[in-house]
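Colleague: I have a two-chain model open and would like to learn how to read it feature by feature. Can you walk me through some of it?

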Amino acid sequence: MSLFYVASTIAIVATFMAMISRHAVHALLYFVLSALALSLVIYDLGAPFAAVLEVIIYAGAIMVLFVFVVMLLNPSRDLNRKSLLLPGLLGLGLVAELCWKNLTPAFAKASAGTPIMIALFQEYGTLVELVSFLLLAGLLAAYRIGKK
Amino acid sequence: MNEILVVSSILFGLGAFGVVLRRNLLFILLGIEVMLNAAAFAFVGIACKLGQVDGQVMFLLIASVAAAEIGIGLALLMAYDRIFKTIDLG
């Protein structure tokens, strides 16, 4: 249970810093950290599928989009060493926690993904199809808006 | 179960704080992401405590909506920047 408290504290602190930081790149760095911490919390609660989705979609896809836009808008701002200190410390805390928890034998048992897959493709099959249509519509709309 | 809802509410409040108080379009979109993330976390956490898998299905739905929304939002932000030469509001 202590992993829950430490990781969610890291998530809250990182989100707060993301919301109050001046530079967009710093905010994005803190938001990646917040997504990773939240993913650890979700994994600890026993939902490995959602934890993987959190890392892939939030810390991966969405943040890459944000970083692209920030780099397109003002490419001159770069990170200095001092502003990396707090995110580095928080991320190190996350890694240490993951290592410590991973050595505990009961941790690996919760990783069965089969019930979720059955639910996704039997009960919620229509939902998955509609989500794919939603993503296609989003892609087309972004293309249409981005065109000159 | 209470602590999950407390963490989720704090994250949602921080996102709402960012949306309301920041004057930068990029931070407003980031705040919306934080709020969606907090809501999805509440779904997953409560479903895990109740021993169901439906929360993770809902997480997939919310993450897809967030991805589609941020794609369109960032495209609009680029168009706004092209027209007004800034992404600060007001």
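Colleague: Let's start with A:Asn74: is A:Asn74 buried, partly exposed or exposed?

Modeller: Go by relative accessible area with a 1.4 Å probe, protein chains only: under 20% is buried, over 50% is exposed, and partly exposed is in between. A:Asn74 has 30%, so A:Asn74 is partly exposed. A:Asn74 sits in the loop between helix H3 (48-73) and helix H4 (85-102) of chain A, where helices (H or I, at least four residues) and strands (E, at least two) are DSSP runs numbered from the N terminus. From A:Asn74 to A:Gly138, 64 residues along the chain, the C-alpha separation is 25 Å.

Colleague: And the ground rules for this model?

Modeller: It's a predicted model, so local features need pLDDT of at least 70 and side-chain atom pairs count only at pLDDT 80 or more, while totals for chains, interfaces and linings use all residues. Residues are numbered from 1 along each chain as its sequence is written, chains are lettered from A and ligands numbered from 1 in the order written, and side-chain values use heavy atoms, with hydrogens and water left out.

Colleague: How do I read the overall form of chain B, and what is its radius of gyration?

Modeller: Take the radius over C-alpha atoms and hold it against the globule rule, 2.2 Å times the number of residues to the power 0.38. Chain B comes out at 16 Å, whereas a compact globule of 90 residues would be near 12 Å. Along the principal axes, the C-alpha atoms of chain B fill a box of roughly 50 × 25 × 10 Å. Chain B has three helices and zero strands, in the order α-α-α, and 51% of its 90 residues count as buried.

Colleague: How big is the interface between chain B and chain A?

Modeller: Interface size is often given as the accessible area lost when the parts come together. Here the buried area (accessible area lost with a 1.4 Å probe, summed over both parts) is about 4500 Å², 84% of it on carbon and sulfur atoms. In terms of contact (heavy atoms within 4.5 Å), 49 residues of chain B meet 54 of chain A.

Colleague: Which element of chain B gives the most to that side?

Modeller: H3(B), with 24 residues. By class, the chain B side has 35 nonpolar, seven polar and seven charged residues; Ala, Val, Leu, Ile, Met, Phe, Trp, Tyr, Cys and Pro count as nonpolar, Asp, Glu, Lys and Arg as charged, and the others, Gly among them, as polar.

Colleague: How many salt bridges are there between the chains?

Modeller: The test is a side-chain nitrogen of Lys or Arg within 4 Å of a carboxyl oxygen of Asp or Glu, and the count between chain B and chain A is zero.

Colleague: Which residues does B:Asn37 touch?

Modeller: B:Asn37 lies in helix H2 of chain B and is buried, with a relative accessible area of 2%. Leaving aside neighbours within four places in sequence, B:Asn37 is in contact with A:Phe31, A:Leu38, A:Glu54 and A:Tyr58.

Colleague: What about B:Lys49: buried or partly exposed?

Modeller: Partly exposed, at 40%. B:Lys49 is also in helix H2 of chain B, and beyond four places in sequence B:Lys49 touches A:Leu45, B:Met1 and B:Ile4.

How values were computed
Buried area = accessible area lost by both parts, 1.4 Å probe.
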